[in-house]
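Please read the following report with the sequence and the coordinates at hand. It goes from the confidence of the model to its sheets, and then to a few individual residues.

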Amino acid sequence: MKLFRIVLLIALAVVAVASTGCTGNAPPQGFAGVATDGESVFVGTADGKILALNPAARAGEELFPAAGEWSYAITKETKGTFGCGTSQAPSVLYSNPVVNDGHICIGTYDGKVLMMDMESRSTRLVFPQTRAGEWMYPRSEKSIGPVVGSPAVVGDMVFVSSSVKEGSRTFGVVYALDRLYGDELWVSEALDGKLWVTPSVVDGVVYVSTFDGRIYSLDAATGKVLPWVYEGEFGFVSSPFVSDGMVYVASFDRRLNAVPLGASEPAWTFQAGNWFWAAPALADGVMYAPSLDGKVYALNAQTGASVWGTPYDAGEAIASSPVLVGDSIVVVTKKGDVHVVSRATGMGARVPHPTNAKNTTVMAEVVSTPCYHDGIVYVRAQNNTLYAIDPVARTLAYTFSLKTE
């Protein structure tokens with residue numbers, strides 16, 4: 001398990017929390033991604049805000065906020081040192097905003113889950129507007145453990161995973177909340193291993209994967225742990241992805257595993273040169289899986305066989321999920337290069353920087369999930385800027401600073 005401990009320490013560094021308040025240290029940025037409801041684009045910022053953007057207004061470089069746009073700052077109370085008292089500091093957002101029926105749901109690293117009503121936020125009413133379906137869980141000053149994965153909103157329930165520390169051990173916990181009111185419906189028993197994942201909910205069963213190498217299945221109605229628990233040799237680094245009776249999950253041994261639900265052995269595994277950190281994209285029976293080795297692999301979802309003759313080589317680590325755009329996929333490297341790749345052939349090209357071909361496309365680190373909306377791929381970079389990429393013209397259409405007042 002020595003290798004696992006080393007890998008775990010590296011992974012922990014990804015979301016290490018810096019001190020804030022009177023110490024003067026910079027807070028962590030988080031890496032919340034981008035989502036859309038078909039009309040607006042929603043993005044989590046590096047300073048703990050959720051922004052609703054009007055794509056036409058952004059393309060026209062109108063002053064923010066334009067019609068239909070709003071910003072809501074999520075904060076937490078912090079205690080300073082040396083008698084500095086308390087203050088409100090931005091919450092850290094690793095979770096992606098989840099769009100559901102006129103609402104935005106998101107989890108924070110300081111252990112809160114929020115459901116926001118788009119109309120109430122656009123009119124800047126005090127949060128939460130209970131009658132509009134707004135809530136925060138827990139409602140008191142208490143908090144659950146850090147939320148790194150995104151909430152899963154299914155029917156009238158919200159599922160979220162977190163981690164709690166007891167002594168020297170860390171356990172995973174899954175919570176089920178009422179979608180309308182945020183009431184706690186159930187809390188799972190302590191599960192072995194840290195949970196940094198987005199739960200996958202299929203046919204009344206909740207699936208989560210842990211750093212200790214287990215896939216748990218829980219009854220969605222009661223939270224009871226079901227008999228099937230898959231135990232892998234290595235810890236799992238990615239969220240479980242369930243489709244057609246198979247759960248796909250990446251492990252710390254650089255493998256992508258396809259495990260039939262209820263089985264004790266994988267149907268197939270595929271090994272890359274590094275971790276599959278980001279969730280893959282699935283379309284027409286083909287799984288497009290980006291790796292930190294800089295390659296994108298197209299695999300038959302049922303057999304694991306390579307679909308392309310050779311993987312697409314982006315040249316640098318890929319830490320964000322690919323975006324499906326018609327007959328292509330768009331992938332973004334950690335260093336900020338955007339590539340448009342044919343789903344059929346695996347051939348592709350980089351989107352050049354608009355003024356200097358030697359620079360990366362966006363000249364900033366990218367680890368958050370991009371989003372496709374109305375002909376544009378939106379990429380949130382770690383410099384707190386949103387980049388709009390035209391995947392057909394392969395150009396950078398425009399940029400928008402997320403550092404709003």
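**Confidence**

The model is predicted, and its pLDDT averages 91 over the protein, with 91% of the residues scoring at least 70. Where pLDDT is low, the predicted coordinates should not be read in detail.

**The sheet from β28 to β31**

An open sheet is built from four strands in the order β28-β29-β30-β31, and its pairing is antiparallel. The strands β28 (323-325) and β31 (348-351) lie at the edges with a single partner strand each, so that one side of each is left without a neighbour in the sheet. From one strand to the next, the twist averages 25°.

At one end of the order, β28 pairs with strand β29 (residues 328-332) in the antiparallel sense over three bridges, and Ile329 in β29 is the bridge partner of Leu324. At the other end, strand β30 (residues 338-342) pairs with β31, again in the antiparallel sense, over four bridges; here His339 stands opposite Arg350 in β31. The strands β30 and β31 form a hairpin with five residues between them, and in the turn Gly346 has a positive phi of about 80°.

**The sheet from β24 to β27**

A further open sheet has four strands in the order β24-β25-β26-β27, with antiparallel pairing. Its edge strands are β24 (281-283) and β27, each of which pairs on one side only. Between β26 and β27 the pairing is antiparallel and runs over two bridges, and Val296 has Tyr312 in β27 as its bridge partner.

The loop between β26 (295-300) and β27 (312-313) holds Gln302. This residue counts as partly exposed because its relative accessibility is 42%. Not counting residues up to four places away in sequence, Gln302 touches Asp244, Met246, Tyr248 and Trp268. For one of these, Met246, the C-alpha atom is separated from that of Gln302 by 8.3 Å, although the two residues are 56 residues apart along the chain.

**Burial of selected residues**

| Residue | Relative accessibility | Class |
|---|---|---|
| Cys105 | 0% | buried |
| Arg58 | 5% | buried |
| Cys371 | 8% | buried |
| His353 | 15% | buried |
| Gln302 | 42% | partly exposed |

**The cysteines**

The structure holds zero disulfides. Cys105 is in no disulfide, and the nearest cysteine sulfur to its own, that of Cys371, is 17 Å away. Seen from the other residue, the sulfur of Cys371 has its closest cysteine sulfur in Cys105, and because the separation is 17 Å, this is too far for a bond. For comparison, a disulfide requires a pair of cysteine sulfur atoms within 2.5 Å. Cys105 is buried at 0% relative accessibility, and Cys371 is also buried, with a relative accessible area of 8%.

Which backbone nitrogen does the side chain of His353 reach at 3.1 Å? That atom belongs to Thr355, and the side chain of His353 also reaches the backbone nitrogen of Asn356, at 3.2 Å. His353 is located in the loop between β31 and β32 (371-373), yet it counts as buried, because its relative accessibility is 15% and the limit for burial is under 20%. When neighbours within four places in sequence are left aside, the contacts of His353 are with Asn359, Thr360, Thr361 and Met363.

Arg58, by contrast, is placed in helix α2 (residues 55-59), and it is buried with a relative accessible area of 5%. Apart from neighbours within four places in sequence, the residues in contact with Arg58 are Leu53, Leu63, Phe64, Ala66, Glu69, Tyr398 and Phe400. Ser217, which is 159 residues apart from Arg58 in sequence, is 43 Å apart from it in space, C-alpha to C-alpha.

Technical notes: Residues are numbered from 1 along each chain as its sequence is written. Side-chain values use heavy atoms; hydrogens and water are left out. Two strands pair if DSSP finds at least two bridges between them. Axes are lines fitted to C-alpha atoms, for helices over the stretch in contact, and angles run from 0 to 180 degrees between N-to-C directions. Buried means under 20% relative accessible area, exposed over 50%, partly exposed in between (1.4 Å probe, protein chains only). A polar contact is a pair of N or O atoms within 3.5 Å; within protein, one must be able to donate a hydrogen and the other to accept it, and residues adjacent in sequence count only if both atoms are side-chain atoms. Contact means heavy atoms within 4.5 Å. pLDDT is the predictor's confidence in each residue, from 0 to 100.
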